[in-house]
Amino acid sequence: MAKVKVIFNCLECGTEHNKWSGQCSDCGAWNTLEESVNTTDKPQSPRFKGYSGEQAKVQTLSQINVKDEPRFPSGMQEMDRVLGGGIVPGSVVLIGGDPGVGKSTLLLQSLCQISLERPVLYITGEESPKQVGLRGHRLGLPVDKLRLLAETSVERITAIAGIEKPSVMVVDSIQTTHTEQLQSAPGGVAQVRESAAQLVRFAKQTGTTVFLVGHVTKDGALAGPRVLEHMVDAVLYFEGQSDSRYRVVRAVKNRFGAVNELGVFAMTDGGLKEILNPSAIFLAGYGEPVPGSVVTATWEGSRPLLVEVQALVDDSSLGNPRRIAVGLDQTRLAMLLAVLSRHGGISTHDQDVFLNVVGGVRVMETGADLPVLSAILSSLRDRPLDRELLIFGELGLAGEVRPVPNGMERLREAVKHGFKKAIIPVANAPKKPIEGLTIIPVKSVQQLIDNLF
Ligand code: TYD
Ligand code: MG
């Protein structure tokens, strides 16, 4: 087979080299040469074996036909919600997540549903066709029309997909695919990037929707999906703690919809089940109130979610006490403790502070500031808070309480789940009283402390 020219680029200065060496002869940097493909003559080159497709032409915006781009359902409502209302033809969606979280299961279930309506192709590079088949049968999925291919060469994948003409194709996973143009091992940054680039080109030229599965590695995702985020139309993260059966799909980038939309699933022995009304599933179900535990209403995409924040504050034996946050921003925790000390007069400099959001959810929004501080105070004083109390609100560096978006909807959700009291920012206080709910508006961290117990 004739080889496409492989070159090496210096990551520091960008100089091209014909062969690899430990030091860039141009800028003198060490270990910065990375293998890549000489792209300048790629589309014309007769030796280029990737998918070439049609010639593109220059158009005005009005000439582009935008009408025949109807979205179609993915077979799972929660998935449609995260994608912004269904699958866009020709889009490329990257689904990242820890190994074993359920990415293959999710896509297999979705693809089987889609296959009832339109042609689909499932490329498996990790599992054998038999494994995929067994799983499909065991989950009782409509597998009859699912086309399956075990292949890892991206040139052969695009060639076969060009014949099969699926309207949705899943590549599981991008880390196992490789291009014949590069000699480096599959899974390396160059291989992943170049394979994905060819699949993106294929999707755009044929109008096929391509789902790429990518594993997130624990240490900063080196060859993981991170290098692909700018190439694809949407990036979804599939998350969940191994000890919890709940799984959350979150859009972190979406060219066709809102980000931070959340789809919630439960992993059962019958596969992934959608949870269409997830607002209260993350509340820990215990009877007696315990110190350090606070319920808050967060806003995820387009709906409220009630979650429980837990704190444990304990005497520290370390010179540098620990501040650990699971499911919340660690830096924000340090900031909140500083505000508490400076404007609330309560110091935690000799205390370890641990924070956790129950159920493996991640809370990224600032509305969690007041509940976090309340949980910390509750644990510090060893006094439980009222079970029927809900708290949300942002805290500024001057100790002032700031409003959060969608206050009214959060309060309504709280009432629905039987909460009787709410400590919220003054600016979020409803003009008309809500039946069955006592509102305690607060302006400052000091007022929060005064009203908590
Ligand atoms: P999988 O989809 O293979 O994960 P990924 O592709 O993200 O690596 O899911 C594997 C996990 O899901 C495995 O640990 C078992 C669990 N699982 C169930 O609990 N029930 C099921 O019906 C299936 C198919 C998997
Ligand atoms: Mg898998």
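Guide: Keep in mind that this is a predicted model. Let's start with Arg410, whose charged end sits over the ring of Phe392, 5.3 Å from its centre.

Visitor: What makes you say that the charged end of Arg410 sits over the ring of Phe392?
Guide: The cut-off is CZ of Arg within 6 Å of the ring centre and within 35 degrees of the ring normal. At 5.3 Å, Arg410 meets the distance part. Arg118 is another case: its charged end sits over the ring of Phe72, 4.0 Å from the centre.

Visitor: What makes the pair a tie between separate parts?
Guide: Phe238 belongs to strand β9 (residues 234-239) and Phe265 to strand β11 (residues 262-268), so the pair links parts 27 residues apart in sequence.

Visitor: How do you know that Glu239 and Arg362 form a salt bridge?
Guide: The rule asks for a side-chain nitrogen of Lys or Arg within 4 Å of a carboxyl oxygen of Asp or Glu. The closest N and O atoms of Glu239 and Arg362 are 2.4 Å apart, so the pair qualifies.

Visitor: Which domains does the assignment give?
Guide: Domain 1 (1-46), domain 2 (72-275) and domain 3 (281-452). The centres of domain 2 and domain 3, taken over C-alpha atoms, are 36 Å apart. Their contact takes 14 residues from domain 2 and 12 residues from domain 3. About 1100 Å² is buried between domain 2 and domain 3, with carbon and sulfur atoms giving 47% of that area. Across this interface the rule finds 1 salt bridge.

Visitor: Why does Asn31 count as exposed?
Guide: Exposed means over 50% relative accessible area. Asn31 has 62%, so it counts as exposed. Asn31 is in the loop between β2 (16-17) and β3 (33-37), and its phi is positive, near 60 degrees.

Visitor: And what makes Lys165 exposed?
Guide: Lys165 has 59% relative accessibility, so it passes too. Lys165 sits in the loop between α4 (154-164) and β7, with a positive phi of about 50 degrees although it is not a glycine.

Visitor: How do you know that the bond joining Asp172 and Ser173 is cis?
Guide: Its omega is about 0 degrees. Most peptide bonds are trans.

How values were computed: Residues numbered from 1 in each chain as written. Chains lettered and ligands numbered in written order. Predicted model: local features only at pLDDT ≥ 70, side-chain atom pairs only at ≥ 80, totals over all residues. Heavy atoms only, no water. Helix = DSSP H or I, 4+ residues; strand = E, 2+ residues; numbered from the N terminus. Domains from an automatic or database assignment. Contact = heavy atoms within 4.5 Å. Buried area = accessible area lost by both parts, 1.4 Å probe. Buried < 20%, exposed > 50% of the residue type's maximum accessible area, 1.4 Å probe, protein only.
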